[in-house]
Each structure stands twice: as structure tokens, then as C-alpha cells.
Amino acid sequence: MFSFAYPGLLLLLLLVPVFVTLYAWARYARRKNMKKFGRLKVLATLAPEVSPYKPPLKITLEMLALAFIILAFARPWGGVKDEKTVKEGIEVVIAVDASNSMLASASDSPDGPDRMRTAKLILEKLINRLDNDRVGLIVYAGQSYTLIPVTNDYVSAKMFLNSIDPSQIAQQGTNITSAIEMASNSFSDNKNIGKAIILITDAEELEDQESVMNAAKTAVKKGIQIDVVGVGSSVPATIPENGHLMIDDQTGEPVRTALNEELASKIAAEGKGIYVNASSRDALSDLDKQLGTLKKAAMESSVYSQHDELFGVFAWLALACLVINIFLLERKISWLDKITFFKKEEKK
């Protein structure tokens, strides 16, 4: 398998045919102008040492050097292999609340970091601690959406996590029931693997609590543990919106939101998991320990082996072409003139 780290740079190879075309046009214009002064064969005798074959050879070497330099800068890779590895781990699906309330401050101070930023930080640290485990990512507000299925690609998981933006969610709300149900259906069919849903929420504006508890009970029956991470403060906080504060249409007052820790704890208890507050110093450690209680099982995954950097190969080829071009003069090679490749037969 052969690939490039910066494939976009390969577009620069289009310069090669452009330069060749310009060279051919320049040679044609030169011959056309020389014909004004006489026959070309006669004019060639005025410069007997000039080789008619060297210029095309030199431009060929120069274009090869340019092509090799472009290929080198595109960082060619070779020797990539798809290998299967078997490791023990668990499956974790992270469900992130993306309702507008997650834009409010996560602390008692109105100038503190917003809840979404706090959630992203703790989840990114948690993903960094996952070793052989698989992770999936779901975002929810009024509805739930799968951002990334269960995978061992932690880089992509963190990339999608950082892309979550509550202001881009059209249907608002806090539909935790939908999040739990979608997360429950995201796991593999392997019953021997420990499975956990990590629910990130401020548990604000949750109307149908009974359906949430039923969803948690159903998940437990499937062997899925639900851990809840509460984000925010019990002190009501305003919600920013387009540089201003979100206003309640009925009262005309700024909308305020607070973390409902009581409800978040009930969901965790019903899901046979734990509840942690994201602002707690031990939140990450407690969550990590809880996940460590799950049963690990062997899981097969695809891993790409380390590829070889071929930058140096093309760089050396370019250098060789340039060195040869420097020593390749445009005059004829004297010792070749003594060799007759085509001998005319003498008339008897």
C-alpha cells in the first residue's frame, strides 16, 4: 500500500506538463526565428560543438527532479498493513447533553467556564485513560444523534466530542430517555463484554421522569450500567444567546438554569451506576474506578502497522537528477563523434 501524508501537494505535479509545454513552445519559436536567417542545417555548422540532443535531455532531468521534490514534500508512506489484534476491554457509550442550558456557567460564578466546556474537558481526560476499550459518542437535546459508533479510534472520538455545539442543535429539550435508548442499541451483541453508558447532563427541564427511569431499568436488564456526570451548579445561572442573555418569552426575564443533582443521582441509582459532579476533584478517578468494575472480554480490532517514510528516497532521486543535469553540458561529447552508428554502403 502506498499513500501520502499531504496528498494535496500532488496537485503541484501539474506544473511538470506546463513547463514541458512552455519548453516545447520556446524550442519551436527558436527554430522558427532561426529559419529567417537560413537553412537550419547550414546554421548548425556555425556551432558545431552544440549538441541537438542535450537540451531535451536536460529539461527531462529538470522535470524529473521537480517531480521527485514534489513527491518528497507530499511525504510518501509505504508498507502500511492492516493487522488484527485481540485485546481485553469494555464498551462505553458517552451521551452528551447538548441543550441550551449547557451554555450556562458550570460554577457559582457567572464568568466561569460553561457547562459544555467542562463536560468536554472531563470526557477528553476519560477517553485518554481508556486503553483497550471501545467508545461511542451520542449527542442529545430534544432528539438523540449518533456522532460516532462504538470504536477504538480515540482520536476521532475526541475530534467529534470537541465539535459539539448546543447553538447548532435545532430541536432543544432534554430528552434523556431517547439518549439512553439510543445508547443501549449502540453496543455490540457480545454479552461477555462489560458495557456502560456515561450520561452527561445538568438534568434541567426534564418533564417525563418516569420514562427515563423505565429506560434505565431496561438498560440494566440488558447488562448495561449507567453512570451520570452532573455538570453545573445548584445556583441558578443565566444562559447566553448570541452575545446576549436568553429571555423567557412569557415573563420577559432572563432564563435561569440549575443542576438538578437529585434527579441525576436517581438516574444513576436506577442504572446501577454512580453519580459524580464534574466539578469534583475526584470525579474522574471515581468514574474510572467504576468502569474498572465491569467485566473485560477479548475484542478483535484492526490496527495499522507503522509505515515507512519514503521522503528520503525521492529527495535523493531529485538530488541525483540535479547533479547529473549540472555536469551534462550542452556541447557534443567528443568521443561519441568518433563512433559511427549508421554506416553508409559504398557504391561499387
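**Close-up views of a predicted model**

**View 1. Helices α3 and α10 cross in a left-handed way.** Left-handed here says that the near helix is turned anticlockwise from the far one by less than a right angle. In this predicted model, local features need pLDDT of at least 70 and side-chain atom pairs count only at pLDDT 80 or more, while totals for chains, interfaces and linings use all residues. Residues are numbered from 1 along each chain as its sequence is written, and side-chain values use heavy atoms, with hydrogens and water left out. The axes (lines fitted to C-alpha atoms over the stretch in contact, with angles from 0 to 180 degrees between N-to-C directions) of α3 (residues 54–73) and α10 (residues 311–327) come within 8 Å and cross at roughly 160°. That makes α3 roughly antiparallel to α10 (angles over 145 degrees).

**View 2. Helix α6 (residues 176–184) is largely enclosed by the rest of the structure, as seven of its nine residues are buried.** Buried means under 20% relative accessible area, with a 1.4 Å probe and protein chains only. Among these buried residues are Ile176, Ile180 and Ser184.

**View 3. Threonine 118 sits in helix α4 (residues 115–129).** Threonine 118 is buried, at a relative accessible area of 18%. Leaving aside residues up to four places away in sequence, Threonine 118 touches Ala106, Pro113, Val231 and Ala278 (heavy atoms within 4.5 Å).

**View 4. Confidence is highest in strand β8 (residues 224–230), at a mean pLDDT of 91, and lowest in helix α11 (residues 334–337), at 49.** pLDDT is the predictor's confidence in each residue, from 0 to 100. Helices (H or I, at least four residues) and strands (E, at least two) are DSSP runs, numbered from the N terminus.

Technical notes. Parallel < 35°, antiparallel > 145°, perpendicular 65-115°, else oblique. Buried < 20%, exposed > 50% of the residue type's maximum accessible area, 1.4 Å probe, protein only.
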